[in-house]
Amino acid sequence: MSQTQTSNAALLKIFKQYGGIFLSLIILCAIFSVMNPRFMSVANFMNVLQQVAVIAIAAFGMTWVILLGEIDLSIGSIIAVAGMVGAQCFAYGMGFAPALVLTLLAGALMGLINGVLTAKLLLPSFIVTVATMGIYRGLVSLPTNGAPAMIMNETWTAIGTESFLGLPIIIWIVLVLFVFNQVLLGKTTFGRRAYLTGGNREAALYSGIKVDRLKIIIFVISGVMAAISGILLSSRLFSAQTNAGVSYELDAIAAAVLGGTSLAGGVGTMVGTLIGALIIGVMNNGMNMLSVPYFYQLIVKGLVILIAVWLDVRAKRAKQ
Amino acid sequence: MSQTQTSNAALLKIFKQYGGIFLSLIILCAIFSVMNPRFMSVANFMNVLQQVAVIAIAAFGMTWVILLGEIDLSIGSIIAVAGMVGAQCFAYGMGFAPALVLTLLAGALMGLINGVLTAKLLLPSFIVTVATMGIYRGLVSLPTNGAPAMIMNETWTAIGTESFLGLPIIIWIVLVLFVFNQVLLGKTTFGRRAYLTGGNREAALYSGIKVDRLKIIIFVISGVMAAISGILLSSRLFSAQTNAGVSYELDAIAAAVLGGTSLAGGVGTMVGTLIGALIIGVMNNGMNMLSVPYFYQLIVKGLVILIAVWLDVRAKRAKQ
Amino acid sequence: MNAPTADTILKINNISKTFGPVAALKSMQLDVRRGRVHTLLGENGAGKSTLMKILAGVYQPSSGDITLDGQPYHPTDPQQAAALGLTIVFQELSLCNNMTVAENILATREPATAGFINDRKLARDAARIVAELGLPIAVDEKVGNLSIAQRQLVEIAKGLSIDAKVVILDEPTSSLSDSEAEILFQIIERLKARGAAVIYISHRMEEIMRLSDDITVIRDGEYITTRQRETVTIEELIALMVGRRMEEIYPPREEAAPELSVPPVLAVESLTREGEFDNVSFAVRPGEILGFFGLIGSGRSEIMNALFGMKRAGGTVRLNGAVIDLDSPVRAIENGLGFVTENRKEEGLVLSQSVETNISMVALKHFANKLGFLRRRSERDSAVAQVSRLSIKTGSLDTPAGALSGGNQQKIVLAKWLLMKPKVLILDEPTRGVDVGAKFEIYKIIRQLAADGTAILLISSELPEVLGMSDRVAVMHEGKLSGIATDGDLTPEKIMAFATGMTS
Amino acid sequence: DGIGASLLTQQHPFYIELANAMTTEAKAKNVPLEISIANQDLNKQLADVEDFIVKGVSVIVISPVDSQGVVAAIAKAEKAGIKVITVDVPAAGAKVTSHIGTDNFTGGVKAGDLMAKEIGDKGNVAIIDYPTVQSVVNRIDGFKKSISGHPDIKIVAQQTGITRAEALAAAQNMLQANPDITGIFGFGDDAALAAAVAVKAAGLENQVKVIGFDGMEEARKAVDTNPVMVGVIQQFPDQMGKTAVDTAVKVIAGEEVPAEQPIVPGVYVKK
Ligand SMILES: Nc1ncnc2c1ncn2[C@@H]1O[C@H](COP(=O)(O)OP(=O)(O)OP(=O)(O)O)[C@@H](O)[C@H]1O
Ligand SMILES: Nc1ncnc2c1ncn2[C@@H]1O[C@H](COP(=O)(O)OP(=O)(O)OP(=O)(O)O)[C@@H](O)[C@H]1O
Ligand SMILES: [Mg+2]
Ligand SMILES: [Mg+2]
């Protein structure tokens, strides 16, 4: 099979699989374009992608977790901790590379804690991550006693502001992580095992899948993705905020579920999640551009989520 | 069987069934009493009960929803809407009784919307209530454009401030609703149907239970409980706040899960939920009494939740 | 078809039912008479359960009409069906595991005044129902704590607790052993004597011949014929059902069983687990089929779970003479053990995933390069090979496993274990709920595996199956190995004696 | 005995400085001080006050989550015979022993005046707001009042940006929709700093001026170094905190204190 054929077939498959949700995205874009001609510009498209980056990357991690039938409510707090770890590293005079490594390690560690508590102590992940959400949020505030911490490292802030080959670095990072997660999920034994375990944990166990280890690794992935989100956020803001990422977990879950990930586990893709995140991003951006007042934005956003999920559920049912 | 025997047996059963979580509550109280002698006073006990009332009542409603294997994230917003509906009723010159009725109806209506979208359109309740959480929060802000609304009605505010037979009215309301929900769940065919449906939806369908109707009614119960919480909150504050109840859904879920309600559905009791809510309330109150700094409170609260759930899971496993 | 007689209580005319593109039933007809047992016979997926669910009000027919006692009968839910005098014991267990036996039996029919349940009366009523039926279950036990067989009895009690004119039993014996089944047969006799009509579904030919008065054969959702039991033989029925003749039910062994002097591949010594099984020792040789028989609750599944590393147990396990520590399924699989579990839906399959994905599940490593990237081509080739080798009937390899009929699902479970080429294959009730045709194919595969040198542990509650397939039969009684029957001892009488603890 | 303080939040530099100033002053005056954080939740603030009452503090200092909602807490304290001092946000319709706070409306007017001056008395401006907080609403009202006196200045967009991240997105999107904006007023430092980032990202450094409110260290630094940030309305939480504790000490000693102690906001511009 040639490359073009593959990619054409892939596109067709995406359209088939994501008919409902893809349609919602296109309708949204169409509406906004009609109402504000500036919406459909390359510059604005870059805007949307950059704004959606933090949620999209966190949502990639969330997709893994939901795929297993679990949930991770602590990612908003992990986003904040990651920024703060970076800021503190610089405050202690470290360079970019060690700060980056420590930040990612912090994310991995927080994910590891979630994973071990869930997989080894058999506590429900919902309650584990509600608890760690509070714990991590408390921890992030200790170094500065709640105040934001400025980040002066130029490499770090360049991530959020500079471009590479004409494309903002943030967008590159989103694309790379998208491909990474999509390939890991769709093309490797690891991803296959995640689907199988999410679909039927008992059967996976009997088939020799190391279910506990898998679960822990996936919480670590979620933690690392959230940490990367935190890096992007702090680099865009030039500072680590102790209230960064509050309630982002809900946006990340919404993105994943809009994209067809089933909260019951076993079903979901990164493509869907990306589309879901874009819907949320386009909606926020478009309504800002139209100067929709804040409270009406809340209402419209809720309605759009309902309609999109409903279209998707309907499309899936019709296919069966 | 005589009354005393029944109640003794009931107490013993509670201790058996809630060993882990009950122990956590007692340990917490013991620690706080040792560290601050004022903790163990009638006045403070009343304080805790009043402070925990809003969460406890919302958690009663949440218990029903979780019992069905569903979730209701919109209750924080419903709490706010309820207060605002009351305030607006008074602003339009209504008396206490019609305002009360309209407020409860508003809660029922919001629950009905959640229920119909979940049961009839077959959308996942998580995403439905994430969406309506935003929608209701947007709606609450429309009458005052985000500003709080004062409540001058004396009967309404008396709920939050006056006592009856030496006990604050709020506490009476919590007790009455506790008994009501506990009896409805434990002693009636309706409650039994909720357990059956939550435990095995297919089996419930095969047994001729009208699962859709049941689900809708239960979301209505959740909406009404949240509305009552909203009434108490606004009566305590003499005003309706547009940001009232933000993230209370997490506390309510935590209370229910701490109390042994399983997020998978089919398992749970109101007694457990009440104990769970008390743990959260005692923790907040005790740490305030000890002047624990805010961020440390977040950390401790998370740790206590983890330990309590772990004790409970362990106790349950040992029993088997 | 016979003209309706005065005895006719339930008459089904031209019933069709479609699920989207699938036509599960095509102009089905049936004429059920009072005081008689009417058996429905058909392959997996023929539409038997669908028809029964229509009768019970779970599904609405796409077209056609039904009369009960001469009156038009179109129930909208099982409660209404029960009110009109029809009750059903479902094939798929429809119990709520978190609740007690009593609460399940009387679900939605709890004794209550003004909506308030009388719990003590509930327990009493349930205990009375269970006692009247003669079932050995405690009504205050949580269903989740019962074995599958016990749950099946609860299901039966739930269905039969309604005093009905028509009683439907959809594969009630699929996980019962003979002694429990016997209780059920007596209940059926009493129902008949009372004048009730019983619609019975089973894949066990012996019990069909014993119980039935009328037998209707259906194939691919279509009515084929109705016969009276006296006028047909098992062979004829099978031919009607599968559309071809079958020479025998159990394929004969083509090569001789291995000598007892051959060193065993797996030797188990004094395997013990508190409260489940005690001091169990046995050995199995390459190419040997070692049957395991016992009454339900005798602990066979528990032993196999321990062998497979799902539960810890004391004792020694030797593989090719070397002691191994089987502490997890991962280790068991590495050591060449395969385990077709008892409950395919819960432990065997990922129903939402495709046939292909399920087949490659255990041997997944072999379909990936060192970096863990899947080689989809080789995965697909293997799946294609397995599907044709086991003649699995599926729309495509991408069909979700949950969409297949029971027998075909069972074959997928077999296929996934065959791909890892086990040295020892444990088969726990491998033909539960599987139709005769598919059973024969599964037996052929077992024979083939044995011929290729695989050691097989075959657990079954069907005595004919154990006798028909095994070289030797280990018999369990209340957690102890009461004997291993060889050659001359391989008779039903001898084995039942072991199983009921009459010997030793 | 001692002072109990219930503060709106601990995740904002203004309140951190306020808390720090109070702690320092309490140490200097040798009076016990306990601080609870309401985390922007009025119910929590009420509970905090109730807990102070049980603990038996002599004076309660509140920075209200909301001017109306705090009335219940104040009533409870008064009923228990404990005097209440409010800082930052005043209580509506309840008598307190003393109120110490910035005049937000005036601050908003000053911001509007500064904006008019910086953009040459004409052009399009945008606002980043937080509509559920009363003190912010007052600032925005003051700003609009001032702008309404300049007929050639138009407010073309107003969006909500509560956290710095939300403010950044709001600013970007407003600039995208209205590329001719020449000024942005952020309701607080976070909003203004985020707006400055958005202006830079859009390459409009030479066109758009940003003005903030609060004037904490990070924002003042930005005014000094970042040409886009032309000024910030400065509040003085250190003065506020010190005054609050001093007033509380006087109340405990039984001295008379003034009912209103306004702290006039300053205007911080480039040195
Ligand atoms: N809910 C459903 N949705 C779609 N197809 C269904 C559904 N229920 C049954 N079918 C299909 O209808 C056909 C008949 O199924 P049914 O369960 O009635 O078979 P059966 O004769 O009871 O088989 P078995 O002996 O395996 O129990 C099968 O092809 C099955 O896949
Ligand atoms: N899920 C379970 N939880 C608790 N106990 C169980 C469970 N399943 C089985 N048991 C108990 O374990 C013992 C043996 O179970 P089981 O009936 O599966 O044995 P078996 O010999 O494999 O019989 P069969 O295979 O015919 O069902 C019984 O006492 C049973 O009650
Ligand atoms: Mg069937
Ligand atoms: Mg078994």
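Glu342(C) is partly exposed, at a relative accessible area of 24%; this class lies between buried, under 20%, and exposed, over 50%, as found with a 1.4 Å probe on protein chains only. The model is predicted, so local features need pLDDT of at least 70 and side-chain atom pairs pLDDT 80 or more, while totals for chains, interfaces and linings use all residues. Residues are numbered from 1 along each chain as its sequence is written, chains are lettered from A and ligands numbered from 1 in the order in which they are written, and side-chain values use heavy atoms, without hydrogens and water.

Through its OE atom, Glu342(C) coordinates the magnesium ion (ligand 4) together with Ser301(C) (OG), at 1.8 to 2.4 Å. Donors are N, O and S atoms within 2.8 Å of the metal (3.2 Å for Na, K and Ca); with water not among the atoms, sites may look incomplete. Ser301(C) belongs to helix 9 (residues 300-307), and the two residues are 41 residues apart. Ser301(C) is buried, with a relative accessible area of 11%.

Ser49(C) counts as buried at 17% relative accessibility, whereas Gln91(C), at 26%, counts as partly exposed.

Finally, the second largest cavity of the structure lies between two parts of chain C, because domain 1 (8-242) and domain 2 (266-499) both give residues to its lining. These domain bounds come from an automatic or database domain assignment.

Technical notes
Helices (H or I, at least four residues) and strands (E, at least two) are DSSP runs, numbered from the N terminus.
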